Amino acid sequence: MLLSIWQFWTGERDRDIDKREKRDKMAATMVETPPPQLITTIEWAMMDKSKFFPLYTLSSFTVRCALYPLTLVKTQIQVQRKKEAYKGVSDAISKIYRNEGVTGLYRGFWMSSFQIISGVFYISTYEGVRHELGLHDVNPRLKSFIAGGCASMVGQTVIVPFDVLSQHLMVLGLVKGSPGGIHNSKVNPLGLDLERPWSRSALAKEVAVRVYKLHGPLGYYRGYVASLAAYVPNSALWWALYTAYQDELLRVSPVWVSHLFLQCIAGTLGGFTTTILTNPLDIVRARLQVEGVSSMRQVFKELWKEEGFFGLYMKGLSARLVQSACFSFSIILGYETIKRVSVSDEYRTRVRW
């Protein structure tokens, strides 16, 4: 009997020891096994495209609608001679609003809104090129640089005709603020009779007809090379800098800081940097498309004669910086949020917000 009790007690003790050992091993495994790494970059293959494209289109239209007045003001300041109409961004907004009301700040908007179409081509090209380069282990920053440049080439090919027409409509507001503007071929190169009460659709149609009469079918692609020269480097640099700034901010920020917020900051910093670097090219592009002069070289010469080096570099810079900061922050906020909403269910729990 004593032997039976001893065997029972030792058996229970052995079982307790085995349980403790298993528990300890399980605990050790739980400690040693790291949690799955959170996803900070949502790749093209991770998303449900049927969700992404409609949401991206809606987001892009909303941002462009809200920030269009800044685009209009930037274009008018770039095209004006010295400061004949506006002294700066706030002066331009107040004068346009006083002379034309809210509609003046949205002159040419519906023509410009066709940029949404090019935006779909743009983002599809960007993500597609990044995906293909990712298959070959290309450096993330170089991947973003190449993809951004390719995306801009495709986007500009689609949008330049609408861009040409919308910019003609934009600068018609500048005519009213310029001395002798109606007869000034620099700010009214199509010679439109602005004393006539045009409806919006009739004015847009007249602009399209006059561009064709003056320059033929290629008139709709006037400034295309300048657009590529301005926007391809801008786009490539912006995406590369966005990736670089994002990596650095992730490295130095506490883990509790929202990744989406860091991405918005990275986009804004990238926008500031590229705007400062490429501003002269954007001025040349705007004047080429509006005035219809023969070459980029001629525009550079005229700008140098009128404004000097400082004016060439700084003209419209404050307007572009404000526009760039607002657009970059808003576009990234919408773009990265939509990517998170559109991500496939298998990745959803691992995405870092």
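Helices (H or I, at least four residues) and strands (E, at least two) are DSSP runs, numbered from the N terminus. This is a predicted model, in which local features need pLDDT of at least 70 and side-chain atom pairs count only at pLDDT 80 or more, while totals for chains, interfaces and linings use all residues. Residues are numbered from 1 along each chain as its sequence is written, and side-chain values use heavy atoms, without hydrogens and water.

The protein chain has 13 helices and zero strands. Of its 353 residues, 47% are buried (under 20% relative accessible area; exposed is over 50%, partly exposed in between; 1.4 Å probe, protein chains only).

A cavity is a set of points, on a 1 Å grid over the protein atoms alone, where a 1.4 Å probe fits but cannot get out; lining residues have an atom within 4 Å of a point. There are two cavities of 30 Å³ or more. The largest cavity holds about 1000 Å³ of space. It is lined by 39 residues, and Arg64, Gln115, Tyr231, Asn234 and Phe327 are the closest to its centre. Helices that each supply at least two lining residues include H2 (49-79), H7 (140-177) and H12 (317-342).

| Class of lining residue, largest cavity | Number of residues |
|---|---|
| nonpolar (Ala, Val, Leu, Ile, Met, Phe, Trp, Tyr, Cys, Pro) | 13 residues |
| polar (the others, Gly among them) | 20 residues |

Trp353 lies in the segment after helix H13 (345-348). Trp353 counts as partly exposed because its relative accessibility is 48%.

Key:
1 Å grid on protein atoms, 1.4 Å probe; cavity = no way out; pocket = protein on both sides within 12 Å on 5 of 7 lines; lining within 4 Å. Points joined across faces, edges and corners; volume = space filled by probe spheres on them.
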